There are 2 protein chains.
Amino acid sequence: MTIDPTVLDRFVAIVGERHALRDANEIEPYVMEPRGLYGGATKLVLRPGSVEEISRIMQLANETRTEIVPQGGNTGLVGGQMPDRGGNQIVLSLSRLNRIREIDVASNTATVEAGVVLQVLQEAVAGKDRLFPLSLGSQGSCQIGGNLSSNAGGVGALAYGTARDLCLGVEVVLPTGEVLDDLRKLKKDNTGYELKDLFVGGEGTLGIITAAVVKLFPMPKGRELAWAALPSPEDALRFFEMANEKAGSALTAFELIERTPLAFALKHIPGAVDPLSEEHPWYVMVEISSSRSDDDAKMLMEEILTVAFEEGLVTDAAIAQNEAQSATFRHLRESLSEAQRPEGGSIKHDISVPVARIPEFLELAGKAVQGVSPGARVACFGHMGDGNLHYNVSQPEGADKEEYLKLYRPMNEAVHAIVRELGGSFSAEHGIGTLKRDELLATQSGIATDLMRRIKKAFDPAGILNPGKVI
Amino acid sequence: MTIDPTVLDRFVAIVGERHALRDANEIEPYVMEPRGLYGGATKLVLRPGSVEEISRIMQLANETRTEIVPQGGNTGLVGGQMPDRGGNQIVLSLSRLNRIREIDVASNTATVEAGVVLQVLQEAVAGKDRLFPLSLGSQGSCQIGGNLSSNAGGVGALAYGTARDLCLGVEVVLPTGEVLDDLRKLKKDNTGYELKDLFVGGEGTLGIITAAVVKLFPMPKGRELAWAALPSPEDALRFFEMANEKAGSALTAFELIERTPLAFALKHIPGAVDPLSEEHPWYVMVEISSSRSDDDAKMLMEEILTVAFEEGLVTDAAIAQNEAQSATFRHLRESLSEAQRPEGGSIKHDISVPVARIPEFLELAGKAVQGVSPGARVACFGHMGDGNLHYNVSQPEGADKEEYLKLYRPMNEAVHAIVRELGGSFSAEHGIGTLKRDELLATQSGIATDLMRRIKKAFDPAGILNPGKVI
């Protein structure tokens, strides 16, 4: 359905000309995501400045059956934030709702609007000696609303949980324009069905999260970061189990990294330096946090590394000596995805399996990949402690990129078949969006997708909110 | 609608005569809960032995529009597990589905059927050096299915979360008889809407949880338990904040106890002994767990108690010297509810407020209670670290019990008005059931209850599963 120009004008009137973008150049950043993989088209980007304006937008959308695509920092990796190519969906940017409404130090909560950039929130609460533990590569530009809508994971999920676990309450504009004010600060509340957990992870298809109450934690008194080399994924698993036993919730990151993506980073990322002097097939980046002291974190880190050396799990390790070196390790880890680009085509997977099955997955998937594209280079890294790997496969050296990328589907199928066999998920933390919708429908049980459809219909009977995403 | 006897026979045929109870004496334990507060009536209790039988029961229920009430250990406090008094609802007991299907030590998960008694699970995983941290007064008889359906909280929720947080996947028989197999072991899985979190806490109105994957934790190497005396709730709050800062997630229990309920326990519970030699107005029971060692837990406990003494927050304290003494402290805490019974009528509230507002709540509620019933005795205790208090109010000494209990509604209204004012919940961990349904409808936003109704209708269009509960 083509939008009537008079209808467009009515949408513009709600936010005011200044905050309605119709010029193609101004619209461009909203219809193409940073990697250039997902593009869409729209005649209008609305940048409302209040919940009330968003409510009026949805009322008008409902009246005129206009499709609305909510968008945060536009960093999503599965196309969930993109309008389709038809040009008749309106993009609703949450960016102007960027107020931190409250930081409640005593209750360890922050009430934040959807458009607050993740890093801005991290820094604001750090100023009050509090930690907001959600931590992602895109934290400098992604927004809380998008983090919640996609149930973002990241490095900190191991100890602190995903975005859903970190969210206590939400304020949501429903597809009908009604506003659900559910901004609770409560750790326990059993008053009826858990609506919040549908909006969190709902990828903007059930309602538009406009604000949320998130959990904060006392800032750890000490943090230690180590980069350790290991012979194999089996050793990494045994190291993880041992560290988990000894450190418990003080183990705040456990990232697995294969040599290949590290080698890519050392080659392509300016200033990247190998933390260790020799090459090793596998690495883990381990973080220990202590609520007591820096010395306590050091002691615990040294204890687990000592045991790991003694048991032959770890063959070399570097402990970051100061904040600057910690930042270098972290930056190296975060650059692994980007470092793949100069190596040509990359076929990506965001999978999870039960933690104990990671070595098995790596072995089986490694073989399957060679079956699809002999010579393809697995560049795997990820959140081992969560069973979540970014299993990215770069083209064989010297191969033709276009030809290689034609293998996207068979490669996905081969890898995801193994994931299913091991009881895993083909979308651990990035969501479904448009990218994985067909696969969701093809592989989830018919009962599960049927229930999801019923929920979508119950919440958005007119089907106007982020249509074509998830389900 | 009266159930046709031939229909009853068809239900009986599914489970077999042996597992279908029609005799009034046999039925009795299923239609009266242990405290004797909620009673119902039924002509038939079904005790199916498999998921497949439950599926067939729901198919038949659907065909014949027969109302089904699922029931676990029958320990729920809000009537959620009770049939109504009409006698035409069938009780479906999950007790025979009592197999622990798997304990996966490496992945830190257990796959358990709904009828497994909580304590049985705790002990089974302890045998493999694992902790299942859900811990309730009724753990000797409550069942996992009920724990999940009511999103149980308890003492361990402070560090480990409620039942919802502890559940990774579920197997559910839907009202239509279809079986949703969602028994995932994954810490991260963003494949569509989070269905699990609707069934968990859904009080058996959206589906029947037949099995679940729950999280396990490495058994702590050391645990220390202290019973400390404090001048006031303000001191308890400051103590909690300090302990939370210093111990972080090693702080695994922080229970607030007023003198009154302790005095009741000392008077009425055989063998109960005051852990301290003098009387004090307030107490906290604090647990520290260490993943490292017993000594480490001791050191941390001593450190926080020392600071608490120095700052005048705590005036006396006893640290349990061994497992036996720990058990005594725990038993004393768990007996507080029971100890109120000999003191006459008790009007109970299960509330939560943001943690920092607990002192304010106690002051305001204390006044409000006296306004409703001068001389009524507040016997408050609960999970302070979660902002969750069991705010029970015993009748004035020597008052007439029946007369006092007539004040149930005005007392609830007075207390819950303050809860609302402070942004709290009138059902923190016990759920809605039938007890609080009217209050849910009266006080939640119309939008929230409307969404809940839409979900109920989407999942159970015939309205046959646990009707009259929650919504």
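## Salt bridges between the chains

Across the interface of chain B and chain A, the rule finds 16 salt bridges, a salt bridge being a side-chain nitrogen of Lys or Arg within 4 Å of a carboxyl oxygen of Asp or Glu. One of them joins the side chains of B:R454 and A:E178, at 3.9 Å from N to O. The count of residue pairs in polar contact between chain B and chain A is 42, with both residues at pLDDT 80 or more. A polar contact is a pair of N or O atoms within 3.5 Å; within protein, one must be able to donate a hydrogen and the other to accept it, and residues adjacent in sequence count only if both atoms are side-chain atoms.

On the side of chain B that touches chain A, several helices and a strand each supply at least two residues, among them α8 (233-247), α10 (294-310) and β9 (179-182). The element α16(B) gives the most to this side, with nine residues. Helices (H or I, at least four residues) and strands (E, at least two) are DSSP runs, numbered from the N terminus.

## Basis of the model

This is a predicted model, in which local features need pLDDT of at least 70, side-chain atom pairs count only at pLDDT 80 or more, and totals for chains, interfaces and linings use all residues. Residues are numbered from 1 along each chain as its sequence is written, chains are lettered from A and ligands numbered from 1 in the order in which they are written, and side-chain values use heavy atoms, with hydrogens and water left out.

## Symmetry and the interface

Chain B can be laid on chain A by a turn of 180° and a shift of 0.0 Å along the axis, with an RMSD of 0.0 Å. The two copies are thus related as by a two-fold rotation axis. The superposition is by least squares on the C-alpha atoms of residues with pLDDT of at least 70 in both copies.

The contact (heavy atoms within 4.5 Å) takes 82 residues from chain B and 82 residues from chain A. Of the interface residues of chain B, 100% are also interface residues in chain A, so the copies meet through the same surface. About 6,500 Å² is buried between the two chains, and carbon and sulfur atoms give 54% of this area. Buried area is the accessible area (1.4 Å probe) that two parts lose on being put together, summed over both. B:K188, B:N190 and B:Y193 supply 16% of the area that chain B buries against chain A, more than any other three residues.

## Salt bridges within a chain

Over all chains, the structure holds 71 salt bridges. The side chains of A:R377 and A:E343 form one of them, at 2.8 Å from N to O. This pair links distant parts of the chain, 34 residues apart: A:R377 lies in strand β18 (residues 377-383), and A:E343 in the loop between α11 (323-334) and β16 (346-347). A:R377 counts as buried at 15% relative accessibility, and A:E343 is buried at 9%; buried means under 20% relative accessible area, exposed over 50%, and partly exposed in between (1.4 Å probe, protein chains only).

A second bridge joins the side chains of A:K367 and A:E363 at 3.4 Å. Both residues lie in helix α12 (residues 358-372) of chain A, four residues apart, about one turn of the helix. A:K367 is exposed, with a relative accessible area of 55%, while A:E363 is partly exposed at 48%.
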